[in-house]
Amino acid sequence: MNDLPEPEVVATRPRNKRLTILVMVVLAVVIPVTTFFWMYPAWETSQAFEEPKITIAHLDGEPFMRVQLGPNQTYRPIELMAGTRVNMECEVVSVQETRRFAFRAFGRDVIRKPDCDYMVVIPEEVGLAGQVVFTFFDGASEEPTDVMEIPVVVVAAGQRMEFHGLEDGAGRGILAASVPQRVVVYARAILNDIEDYRRLVPLFFVAESLSGVPVLQLTPVREDDEEPTPLTGQFVRYRKYGEKISGYALWSRDTISIGGLSDHRKVFDVYYGLFVKKNLEKIFERTLSVEWTGKDSIKVKPLITNEEDLRALTWEGRTLSPPLHVVRGGTDVDSGGSISPD
């Protein structure tokens, strides 16, 4: 059976003219409005790139961009190492064929030049704070087109390994020395340039302060058949410090354990060290003995009993951090929370 209407019936079916007109009016309004809101962000972005201004600066390899600051917020000063010779440069949006730049740092002005690229010798005065100022003149203008001021501070020369901060398992910063059982470590290493730094990997250790025995931290075992492995860290180069030293950021890929479940109010020391990645299995065997005591539990025995023996296993025998002293909280603690009103 054919349930379709005959062609001549379809052709003579009356149309709802009011509905047709209403649909056309709605489309005539909706399409331009939708198109406007769809295209406006792209137009706004393109306009920003047509406005002459300084967009970004790099001081000794560390980038700086202006952002909208909230109440009582300030920019973190960029650290410059005392006595080093560093490159400072900026990038601009220009609508003219020519441009000029002026530069000021540590009380000294540099002659105007057509490119924003300067070499600066950092004063020897550790702790000296100030501003680096880039001034941009677009075309033949005698008035500044844009000015960028960047806070800086002079830090001591030399290599070092430092802790940058701790977070709990939920990613909240820990602001005091009292810590929960499991934390994420953030740190940085300021070292002579490493030709192939990707061959190195950070490992993490925790020692009870009284015994001083460093315990290698393991990746949490989440599967029944998963073998314990050393907890490694991410290790990246992020800036220069003069012509011979670089800054490397590192952090643990998972949480490390500050004592056991019942180790409340004990003092612990946290360490990190740099090790050659291809020697990881050997390092594991020399620092920790692991024994399964049940289906889902293991017993570990440290094989290194002091800080100096551990240091000797690190890359070049010296890349072990100083200890970070922390106190295990009476219970798992939150940080940065608010106080409830009475």
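Begin with the lining of the largest pocket: by class, it has 14 nonpolar, seven polar and three charged residues. Keep in mind that this is a predicted model.

**Stop 1: the largest pocket**

Stay with this pocket. Its volume is about 630 Å³. Now select V215, Q217, S257, G259 and V300. Of the 24 lining residues, these are the closest to the pocket's centre. Next, colour three strands: β13 (200-208), β14 (215-216) and β20 (297-302). These are the elements that give two or more residues to the lining.

Pick out F204. You will find F204 in strand β13. Is F204 buried or exposed? Its relative accessible area is 0%, so F204 is buried. Now show S257 again and draw a distance between the two C-alpha atoms. F204 and S257 are 53 residues apart along the chain, and their C-alpha atoms are separated by 10.0 Å.

**Stop 2: an edge-to-face pair**

Turn to the aromatic rings. The structure holds nine aromatic pairs. Select F163 and Y272 and show their side chains. This pair is edge-to-face. The ring centres are 5.2 Å apart, with 80 degrees between the planes.

What does this pair tie together? F163 lies in strand β10 (residues 160-168) and Y272 in strand β18 (residues 267-276), so the pair ties together parts that are 109 residues apart in sequence.

F163 has 22% relative accessibility, so it counts as partly exposed. Y272 has 0%, so it counts as buried. The cut-off for buried is under 20% relative accessible area.

**Stop 3: a stacked pair**

Now select F235 and Y248. Here the aromatic pair is stacked. The centres are 5.3 Å apart, and the planes are 20 degrees apart. F235 is in strand β15 (residues 233-241), while Y248 is in strand β16 (residues 245-252). The two residues are 13 apart, and their pair links distant parts of the chain.

Check the surface again. F235 has a relative accessible area of 7%, so it is buried. Y248 counts as buried because its relative accessibility is 0%.

**Stop 4: a ring cluster and two charges**

Select F103, Y118 and F134. Ring pairs link these residues into a cluster. K113 lies over the face of Y118, at 4.8 Å from the ring centre.

Then move to Y241. Which residue lies over the face of this ring? It is R239, at 3.9 Å from the ring centre of Y241.

**Stop 5: helix α3**

Select residues 280-287, which make up helix α3. Colour L280, I283, F284 and T287. These are the buried residues of α3. Now turn the view until you look down the helix axis. The buried residues fall within an arc of 100 degrees, so they line one face of the helix.

Which exposed residues sit on the face turned away from the buried side? Select E281 and E285 to see them.

**Stop 6: two positive phi values**

Go to the loop between β1 (53-59) and β2 (62-64), where D60 lies. D60 is not a glycine, yet its phi is positive, at about 55 degrees. With a relative accessible area of 5%, D60 is buried.

Jump to the loop between α4 (307-313) and β21 (324-328), and select E316 there. E316 also is a residue other than glycine with a positive phi, near 65 degrees.

**Stop 7**

Remain in the loop between α4 and β21, and select L320. Its relative accessible area is 4%, so L320 is buried.

Finish with one more distance. How many residues along the chain lie between the positions of L320 and A189? They are 131 residues apart, and their C-alpha atoms are separated by 9.8 Å.

Methods: Residues are numbered from 1 along each chain as its sequence is written. This is a predicted model: local features need pLDDT of at least 70, side-chain atom pairs count only at pLDDT 80 or more; totals for chains, interfaces and linings use all residues. Side-chain values use heavy atoms; hydrogens and water are left out. On a 1 Å grid over the protein atoms alone, a cavity is a set of points where a 1.4 Å probe fits but cannot get out, and a pocket is an open set with protein on both sides within 12 Å along at least five of seven lines; lining residues have an atom within 4 Å of a point. Grid points are joined across faces, edges and corners, and a volume is the space filled by probe spheres set on the points. Helices (H or I, at least four residues) and strands (E, at least two) are DSSP runs, numbered from the N terminus. Ala, Val, Leu, Ile, Met, Phe, Trp, Tyr, Cys and Pro count as nonpolar, Asp, Glu, Lys and Arg as charged, and the others, Gly among them, as polar. Rings of Phe, Tyr and Trp (its six-membered ring) pair if their centres lie within 6.5 Å; planes under 30 degrees apart count as stacked, over 60 as edge-to-face and the rest as tilted. Buried means under 20% relative accessible area, exposed over 50%, partly exposed in between (1.4 Å probe, protein chains only). A charge sits over a ring if NZ of Lys or CZ of Arg is within 6 Å of the ring centre and within 35 degrees of the ring normal. The arc is that of the directions from the helix axis to the C-beta atoms.
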